[in-house]
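Me: Please take a close look at one helix-packing region of this model. I would like the contacts first, then the geometry and the core around them.

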Amino acid sequence: MAAPALTLRSPGEIAAVVPYLTGFVPHESLVAIGLRKRRVGLTMRIDLADLQSSIGEVVSAMRKDRATACLLVVLTALPSSDGLPMAACVELLERRLGARGIEVSEALLVRAGRWFSYRCMRACCPAAGAPVEAASPSVVATYAYDGRVVLASREELVESVTPQLPLGPAIAQRLQEAALAELDDRGDPVGELARWAAALDAWEQRPTTLPPADVAALAVGLHLVSVRDAVASWGLRRHDALLGLLGQLCRAVVPPDDAPLCSVLAWVAYSQGNGALARVALERALATDPSYSLAQLLQAALAGMLPPGKVREVMRRAG
């Protein structure tokens, strides 16, 4: 999937689009948005507390993603004292990026619903700041079509992949154990893949809450590596529906059967550029099974700042 072509006519519009790129409203963060031929490339969020030590990481990631320009947005409640907060770090990052041929097109501070420019002191960028504009209808439509939502915080994003079990975890555990025993007896990858295909087809027609027994059967079916890899490869063409279905299953499955499921969710999310969702799903997978191979592979990809396009190439080969 090509990165979205966004038309951002003002600093206020840049500030407004940040939550759509990260998947949630960042707080006390720097967001670096790489641009390649006017298209959004890699988007990185760094905690401000870690910014000084993470400047090299940001520069390296933008280079690996072949960014030709970059937008920097600091979101904080810190007050101004001697100039705008974090100005020294932003200036250092801008110099380091410039030394690698990556122009910083804009550097903004966002605070209390207003934006301030680190670079421009003309009338177009008032010292008292200007209101952050609402995201344009074209931006909202672009990301809605891409299946992305904006959550209030990273905590809400974590909650979106956390078990939410009205009947309690014990029942989910028993259903998963029964499904796993049936899978061991049957050992039928073709049948498990057909089950997944039918569930995804139904989800595309009308998203609905699946019965707990069906959830368990789908989740444990991903223990078969051939099924897991085939399902992940569907993210190339059916990523919206697949992310929706995987998300529902993650909220209904408990350890130890959630590592394959969360790993596939992380893999598909990252392949579509949704690094925030990929990271929280990956954290859950590794919490259950630190040695799970697909989770370790994606962890290495994230640590190495592998561009999402490379992940899609792997998925094409797997499919």
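Reply: Trp196, Ala199, Leu200, Trp203 and Glu204 in H7 meet a set of residues in H10. On the H10 side these are Ala241, Leu242, Gly244, Leu245, Leu246, Gln248 and Leu249. Contact here means heavy atoms within 4.5 Å. Nine of the residues in this contact are nonpolar, two polar and one charged. Nonpolar covers Ala, Val, Leu, Ile, Met, Phe, Trp, Tyr, Cys and Pro; charged covers Asp, Glu, Lys and Arg; the others, Gly among them, are polar.

This is a predicted model: local features need pLDDT of at least 70, side-chain atom pairs count only at pLDDT 80 or more, and totals for chains, interfaces and linings use all residues. Residues are numbered from 1 along each chain as its sequence is written, and side-chain values use heavy atoms, leaving out hydrogens and water.

Now the geometry. H7 spans residues 189–205 and H10 residues 239–250. Helices are DSSP runs (H or I, at least four residues), numbered from the N terminus. The two axes come within 9 Å and cross at roughly 110 degrees. H7 is therefore roughly perpendicular to H10. That label takes 65 to 115 degrees; under 35 is roughly parallel, over 145 roughly antiparallel, and the rest oblique. Axes are lines fitted to C-alpha atoms, for helices over the stretch in contact, and angles run from 0 to 180 degrees between N-to-C directions.

Next, the core. The largest nonpolar core has 51 residues, and Trp196 and Leu261 have the most contacts inside it. Such a core is a set of buried Ala, Val, Leu, Ile, Met, Phe, Trp, Tyr and Cys residues joined through side-chain atoms within 4.5 Å. Buried means under 20% relative accessible area, exposed over 50%, partly exposed in between (1.4 Å probe, protein chains only). H7 and H10 are among the elements that give two or more residues to this core. H11 gives the most, with ten. Leu261 touches Trp196, Leu246 and Leu249, among others, not counting residues up to four places away in sequence.

H11 also packs on H12. H11 (residues 259–271) and H12 (residues 275–288) have axes 8 Å apart, at an angle of about 160 degrees. So H11 is roughly antiparallel to H12. Ser263 lies in H11. At 1% relative accessibility, Ser263 counts as buried. Leaving aside neighbours within four places in sequence, Ser263 is in contact with Ala285, Tyr292, Leu294 and Ala295.
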